[in-house]
Amino acid sequence: MQTVVAGKAMKRLFFALWPNQVIRRQCSRIMARLPEAELRPVAASNLHVTLLFLGGVNAGQQAAIAADAASLAVSPMRLTFNGLSYWQKPGILCLTSNDFDQQVTRLSEQLATIVVRNGVSIDERRFRPHVTLARKARQAFALEFEPIVWRSDDFCLVESCSLADGVEYRVLQRWGAKGLSAMSK
Ligand code: 2AM
């Protein structure tokens, strides 16, 4: 999905850690225990950890940002999601972590530097790793669960596409210890 601003096609992009099937299933099992009637669950295929939200980006900026992102050294990352939090302002229920590798924060900061250098302004809020499980939440929900150990050895550039039946997040490119795996669209 593209938006046209001042004659330039813009994509809504963000950098993220993407789950493997095992992690996705673990998140889904927790989601299945939430009171669905009071919430809007996130589609399992959309689950992720946002590293940095970019918003509208034109094709030139995207190419420059991707080229810079490819130069980052990526080492394996581990985050243990051991909390279920209610964040009132965005109205979400999300998995949160107080036990994660500092290189995740570093990667988020390095990406922020790259993005700003390429003329895209970003949210200055502190990076807090989380996995949004449900939106339209109005209250906290207590749940005991086995912590999810999320391991990633790569990160992705993702497009947020608005479709008639909701939003779909599409991985455009991945970079990691194993090198670039381009999935460009
Ligand atoms: P989330 O990380 O809390 O789930 C794509 O929209 C992703 O970027 C979502 O996962 C969303 O929230 C995150 N995001 C962060 N800041 C955002 C913003 N200002 N607007 C929209 N999405 C944002």
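Select helix H1, residues 21-31, where Ile 23, Arg 24, Cys 27, Ile 30 and Met 31 are buried (under 20% relative accessible area with a 1.4 Å probe, protein chains only; exposed is over 50%, partly exposed in between). Look down the axis of H1: the buried residues fall within an arc of 120°, so they line one face of the helix; the arc is taken from the directions between the helix axis and the C-beta atoms. An α-helix has 3.6 residues a turn, so residues three or four places apart point the same way. Helices (H or I, at least four residues) and strands (E, at least two) are DSSP runs, numbered from the N terminus.

This is a predicted model, in which local features need pLDDT of at least 70 and side-chain atom pairs count only at pLDDT 80 or more, while totals for chains, interfaces and linings use all residues. Residues are numbered from 1 along each chain as its sequence is written, and side-chain values use heavy atoms, with hydrogens and water left out.

Now show what covers the buried residues of H1: the cover includes strands E3 (40-41), E7 (92-96), E9 and E10 (148-152). At the start of H1, find Asn 20, with a side-chain oxygen that reaches to within 3.1 Å of the backbone nitrogen of Val 22.

Next, select Leu 47, in the loop between E3 and strand E4 (49-58). Leu 47 is buried, at a relative accessible area of 1%. Its contacts (heavy atoms within 4.5 Å), not counting residues up to four places away in sequence, include Arg 24, Cys 27, Met 31 and Thr 132.

Move to the ligand. Among the residues around it are Arg 12, Phe 14, His 48, Thr 50, Thr 132, Arg 135 and Tyr 169 (a residue counts if one of its heavy atoms lies within 4 Å). An oxygen atom of the ligand is 2.7 Å from an N or O atom in the side chain of Thr 50. For the side chain of Thr 132, the corresponding distance from a ligand oxygen is 2.6 Å, and for that of Arg 135 it is 3.1 Å. Taken alone the ligand exposes 460 Å², and the protein buries 72% of that (Shrake-Rupley method, 1.4 Å probe; for residues, only the protein chains shown count as cover).

Finish at strand E11, residues 154-163. Here 8 of the 10 residues are buried, so E11 is largely enclosed by the rest of the structure. A hairpin of 2 residues joins E11 to E12, and Phe 155 stands opposite Trp 175 in E12.

Note on methods:
Pairing = 2+ DSSP bridges. Polar contact = N/O pair within 3.5 Å; in protein donor to acceptor, adjacent residues only side chain to side chain.
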